[in-house]
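Here is a short report on one protein model. Keep the structure open as you read.

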Amino acid sequence: MERELFERILNSLIEGIIVVDSDETIAFINDEALEILGVNGEEATGAPVRETIPNTRLHIVLKSGEPELNRIQYLKEKTIVTSRFPIVNSQGEVHAAMAVFRDITNVEKMAEEVINHKEMEGLLTSIIDATYDAISVADEKGKIVLVNRAYTRITGMSPDFVIGKMATVDIAEGSSLHLEVVRTRKPIYNARLKVGPNRKEVLVNVTPLFVKGEFKGSVGVVHDISEIERLARELEDTKRLLRYMKAKYTFDDIAGSSKLMQVAIDQARKVSKTRATVLLNGQSGTGKELFAHAIHNSSDRREESFISVNCAALPENLLESELFGYVEGAFTGARRGGKKGLLQEANGGTVFLDEVAKMSLPVQSKFLKFLQDREIKPVGGNQTYKLDVRVIAATNVSLEKLVASGEFLPDLYYRLNVVPIVIPPLKERPEDIPEIARVVMMRLNQEYGRMVTEIDPAVLRMFEKHDWPGNVRELENVIGRAMISMELEEKTILLSHIKGILEKPDKRERLPEGSLSVLLDDYEKEIIKESLRRNDGNKTKTSNELGISIRSLYYKLEKHGITDTHQNR
């Protein structure tokens with residue numbers, strides 16, 4: 001009865017079992033073993049194992065007394081994995097041996113299918129990465145599951161940053177089309193959006209993915225159209241060095257979580273809800289204009305004009321006429337019919353006066369009257385105009401010292417200094433540097449058409465120890481020059497890339513204001529000229545070598561005044 005129960009238990013197992021006795025004959029073989037091996041049970045029991053079971057090693061285990069574990073064995077059309085064990089009696093003698101095995105043919109086929117699937121997936125990924133337009137794939141819930149290399153180049157965002165997040169992560173302006181397709185299950189064509197930290201303008205097509213009639217997600221194809229539109233905008237008159245614009249940045253674009261920076265941001269957020277005049281104090285390159293944009297965009301004037309004026313960029317007479325306007329015949333060269341001033345253009349909105357300390361005393365006096373009366377009189381005219389303009393001023397020098405030296409009107413200082421906000425220099429908040437550096441890296445990815453995704457921790461440690469006299473502008477310069485020097489396939493900024501760019505403060509001359517951006521432009525110009533020489537002036541080869549689009553190359557040729565593309569060959 002016990003033997004019958006024992007055999008019934010062994011026959012219920014999904015593993016094959018064979019037991020041979022000391023004379024190498026089969027003492028027991030269960031049903032699963034018969035099925036796997038394709039032998040007859042009545043003929044197998046009591047038969048010599050070597051004659052009955054192909055490739056058996058049970059006779060060897062009988063002699064050696066050593067187990068053999070997890071051995072792969074190939075039959076005609078099957079693959080099995082076998083473990084063999086000696087059976088020892090109470091005297092310690094081997095008197096039998098047992099094999100336990102399982103058919104893994106289907107498992108092996110599944111493994112091959114997985115390998116083939118991975119190879120096919122790798123091929124498809126390579127094809128997707130080879131496309132010039134950005135591609136993003138979202139699942140049925142709207143989470144991003146795949147992006148290609150061009151996606152990083154256009155948006156500035158790495159796969160590690162976006163994959164697994166909702167498809168709103170890369171949207172700077174507009175709504176997520178992936179989520180719209182999740183809702184409607186219908187394709188969307190030729191939608192305009194702004195993506196990434198640099199708000200790149202793109203044209204997007206998104207189509208739903210159906211597998212056997214079931215919705216599985218959506219595929220978005222992103223075309224970069226910002227370069228064409230930028231070239232068109234740059235055809236406008238830029239000689240005035242003034243910008244009529246809609247403010248681009250918000251408080252979300254201001255990187256920095258240090259205590260000092262958070263104090264400045266909190267102050268700016270609070271004052272943005274009022275109409276009070278703001279004075280931004282900070283060294284060159286700390287981001288004063290970024291704060292001005294954010295304050296305007298967070299105010300009830302966000303839909304109105306935001307006009308930026310650099311007071312140091314224009315001579316006294318031109319600054320006055322640009323701010324207040326003029327009537328016909330006011331001076332030699334005045335436009336027929338006169339011209340509206342920038343303060344009139346900003347009516348209902350905001351005017352940002354950068355480097356306000358550079359404003360001459362006569363212009364200061366006239367601007368003070370505007371702040372007192374909220375009305376202006378154009379140059380050469382008699383009529384006055386009531387205006388509603390919010391004023392944000394910025395300075396990188398101490399206005400108090402200028403007041404003391406008689407170079408700045410005290411009353412104007414008090415009118416401007418209603419809500420002073422101090423933007424701390426970078427050296428006082430080194431803990432913000434990693435965050436700022438990564439934001440800069442993503443923005444420059446878009447500008448330079450690169451796919452840099454990481455900054456080596458050793459580089460960040462060096463950045464944190466540097467004193468940054470040029471602040472964020474200098475940090476942008478260093479990262480930009482490092483990225484330009486990198487090979488196209490490199491994705492991490494290493495110490496070797498910044499060698500010679502970032503010197504120790506005590507061994508480096510302080511650069512005059514504005515020279516950092518000039519150095520970067522000069523370096524970029526030389527890189528382009530050298531590439532053109534190597535490629536005999538062929539612009540297509542040059543753009544491929546530099547890793548930028550042909551449109552970007554033409555823009556940079558015009559920007560740097562490179563007209564003779566065969567020069568110095």
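The model, which is predicted, contains 23 salt bridges. Side chains of opposite charge can pair when their charged atoms come close.

| Salt bridge | N to O distance |
|---|---|
| Glu-180 and Arg-183 | 2.5 Å |
| Glu-530 and Arg-533 | 2.9 Å |
| Lys-339 and Glu-322 | 3.2 Å |

Start with Glu-180 and Arg-183. Both belong to helix α9, which covers residues 177-184. They sit 3 residues apart, about one turn of the helix. An α-helix has 3.6 residues a turn, so residues three or four places apart point the same way. How accessible are the two partners? Glu-180 has 29% relative accessibility, so it counts as partly exposed. Arg-183 has a relative accessible area of 62%, so it is exposed.

Now take Lys-339 and Glu-322. Their salt bridge has an N to O distance of 3.2 Å.

Glu-530 and Arg-533 form the last pair in the table, with N and O 2.9 Å apart. They are 3 residues apart in helix α22 (residues 515-534), so about one helical turn separates them. Glu-530 has a relative accessible area of 33%, so it is partly exposed.

Salt bridges can also share partners. Which residues are joined into one network in this way? They are Arg-57, Glu-68, Arg-71 and Arg-84.

**Two helices in contact**

Next, look at helix α18 (residues 433-448) and helix α20 (residues 471-485). Their axes come within 10 Å and cross at roughly 50 degrees. The two helices are therefore oblique to each other. The crossing of α18 past α20 is right-handed. Which residues make the contact? From α18 come Ile-436, Ala-437, Val-440, Met-441, Arg-443, Leu-444, Asn-445 and Tyr-448. From α20 come Val-472, Leu-475, Glu-476, Ile-479, Gly-480, Met-483 and Ile-484. By type, the contact residues of α18 and α20 divide into 11 nonpolar, 2 polar and 2 charged.

**An enclosed helix**

Turn to helix α12, residues 288-297. Of its 10 residues, 8 are buried, so α12 is largely enclosed by the rest of the structure. The buried residues are Lys-288, Phe-291, Ala-292, His-293, Ala-294, Ile-295, His-296 and Asn-297.

**A residue in a strand**

Find Asn-310 in strand β14, which covers residues 306-310. Its relative accessible area is 23%, so Asn-310 is partly exposed. Where does the fold bring Asp-354 relative to Asn-310? Their C-alpha atoms are separated by 4.8 Å, although the two residues are 44 residues apart along the chain.

**The whole chain**

Now step back. The protein has 24 helices and 21 strands. It has 569 residues, of which 44% count as buried.

Notes:
Residues are numbered from 1 along each chain as its sequence is written. This is a predicted model: local features need pLDDT of at least 70, side-chain atom pairs count only at pLDDT 80 or more; totals for chains, interfaces and linings use all residues. Side-chain values use heavy atoms; hydrogens and water are left out. Axes are lines fitted to C-alpha atoms, for helices over the stretch in contact, and angles run from 0 to 180 degrees between N-to-C directions. Helices (H or I, at least four residues) and strands (E, at least two) are DSSP runs, numbered from the N terminus. Angles under 35 degrees count as roughly parallel, over 145 as roughly antiparallel, 65 to 115 as roughly perpendicular and the rest as oblique. A crossing is left-handed if the near helix is turned anticlockwise from the far one by less than a right angle, and right-handed if clockwise. Contact means heavy atoms within 4.5 Å. Ala, Val, Leu, Ile, Met, Phe, Trp, Tyr, Cys and Pro count as nonpolar, Asp, Glu, Lys and Arg as charged, and the others, Gly among them, as polar. A salt bridge is a side-chain nitrogen of Lys or Arg within 4 Å of a carboxyl oxygen of Asp or Glu. Buried means under 20% relative accessible area, exposed over 50%, partly exposed in between (1.4 Å probe, protein chains only).
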